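Here are a few exercises to work through with the model open beside you. Try each task before you read its solution.

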Amino acid sequence: MSMLDEACMARAIELARKGWYSTHPNPRVGCVIVRDGEVVGEGWHVRAGEPHAEVHALRQAGERARGATAYVTLEPCSHFGRTPPCADALVNAGVARVVAAMQDPNPQVAGQGLKRLADAGIEVRSGVLESEARALNVGFLKRMETGLPFVRVKLAMSLDGRTAMASGESQWITGPAARRAVQRLRAQSSVVLSGADTVLMDDARLTVRPDELGLDAEQAELASRRQPLRVLIDGRLRVPLGAAFFQAGPALVVSTLEDPNYAVVGHELLTLAGADGQVDLAALVAELGRRGVNEVLVEAGPRLAGAFARLGLVDEYCIFMAPKLLGSSARPLLELPLERMAESRELRISDIRAVGDDWLVTAKPRG
């Protein structure tokens, strides 16, 4: 791997991050076109249905793309979707070389884009900064590889591992910087999911509030154009249709019961009853994958968050830890009844960072 290839791919990854809040359900992709050591074109995918990163970069490069090298964070597409194939655009532009960070696991592409380029006589290379490129699109990649979305559970706790007082009072454990970080987690997600207990106790809307994101103007504007789908787990339909949650826009309610009134007022009711009489969470995650959902953010109390954990549905925990003590009578982080040390759930901590006066611990289940 040459230093130039690494540097150009790093720039393409930087460009791809510009679509962090806006590309759903498409992947985040960046492209850099270089000729004779000079960058002649750059682009990134902004949102679904609009030109892909390669097209933006080729338009900027114009005739200078002929004989150039294109660096792209994901294998150029080879199929007609809402836009024409990017592999064909690169061939028609006359580029001499294409460097991809990784192959696209989408079955409609899966190596066919690189093959199309190679068959046209273009030098092709793949695998440059692949791990960094994969981190851009953990949800998209998981959905393409398994049919399931990436499930991220957000939790906020005190130093003694408590999430709310015994009464259920929880506002606010963490400070403003942490709450802005949560808004950004919502904005990058395809779905924000919670349970009836949380919505009733906090009068929660679970919306993205652009003025609270703490982003620059361009990113805030992009984030404001797309609200993630809000999903409410309400097995017994306890949340009234007049609640703030339902007034904030269309929602998907998942229950064990049926009620035609939800459709009348613009919401979807999905009935998924499990064998235990509770909502079948595994079936719900599979259904969200079928609907093209890449990333699910679970913002719920200890009972629902614990249920996701017990079923092995969690890919990542984002745990905000506040410098407070709530005491032994306060509610635990998760309802996860374990009796022996051998039953403990091991996590791999991937990141710890300060967020204002709080700390954010990011961890993934081992195995």
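**Exercise 1.** How do H2 and H3 run relative to each other: roughly parallel or roughly antiparallel?

*Solution.* Some ground rules come before the steps. This is a predicted model, where local features need pLDDT of at least 70, side-chain atom pairs count only at pLDDT 80 or more, and totals for chains, interfaces and linings use all residues. Residues are numbered from 1 along each chain as its sequence is written, and side-chain values use heavy atoms, leaving out hydrogens and water.

Step 1: find helix H2 at residues 53-61 and helix H3 at residues 86-93. Helices (H or I, at least four residues) and strands (E, at least two) are DSSP runs, numbered from the N terminus.

Step 2: check the axes, which come within 9 Å and cross at roughly 20 degrees. Axes are lines fitted to C-alpha atoms, for helices over the stretch in contact, and angles run from 0 to 180 degrees between N-to-C directions.

Step 3: H2 and H3 are therefore roughly parallel to each other (angles under 35 degrees count as roughly parallel, over 145 as roughly antiparallel).

**Exercise 2.** Which residues of H2 and H3 meet?

*Solution.* Step 1: contact means heavy atoms within 4.5 Å. On the H2 side you get Glu54, Val55 and Leu58, and they meet Cys86, Ala89, Leu90 and Ala93 in H3.

Step 2: sort the residues of this contact, and you find 6 nonpolar, no polar and 1 charged (Ala, Val, Leu, Ile, Met, Phe, Trp, Tyr, Cys and Pro count as nonpolar, Asp, Glu, Lys and Arg as charged, and the others, Gly among them, as polar).

**Exercise 3.** Which residues in H3 meet H4?

*Solution.* Step 1: helix H4 covers residues 112-119, and its axis and that of H3 come within 9 Å, crossing at roughly 20 degrees. H3 and H4 are therefore roughly parallel to each other.

Step 2: Ala87, Asp88, Leu90 and Val91 are the H3 residues, meeting Gly113, Arg116 and Leu117 in H4. This contact holds 4 nonpolar, 1 polar and 2 charged residues.

**Exercise 4.** In what order do the 9 strands of the open sheet lie?

*Solution.* Step 1: read off E11-E10-E9-E8-E12-E6-E13-E16-E15, with mixed pairing. Two strands pair if DSSP finds at least two bridges between them.

Step 2: look at the edges, E11 (268-271) and E15 (347-355), each of which pairs on one side only.

Step 3: zoom in on E8 (residues 191-195) and E9 (residues 229-233), which pair in the parallel sense over 5 bridges. Here Val191 stands opposite Leu229 in E9.

Technical notes. Parallel < 35°, antiparallel > 145°, perpendicular 65-115°, else oblique.
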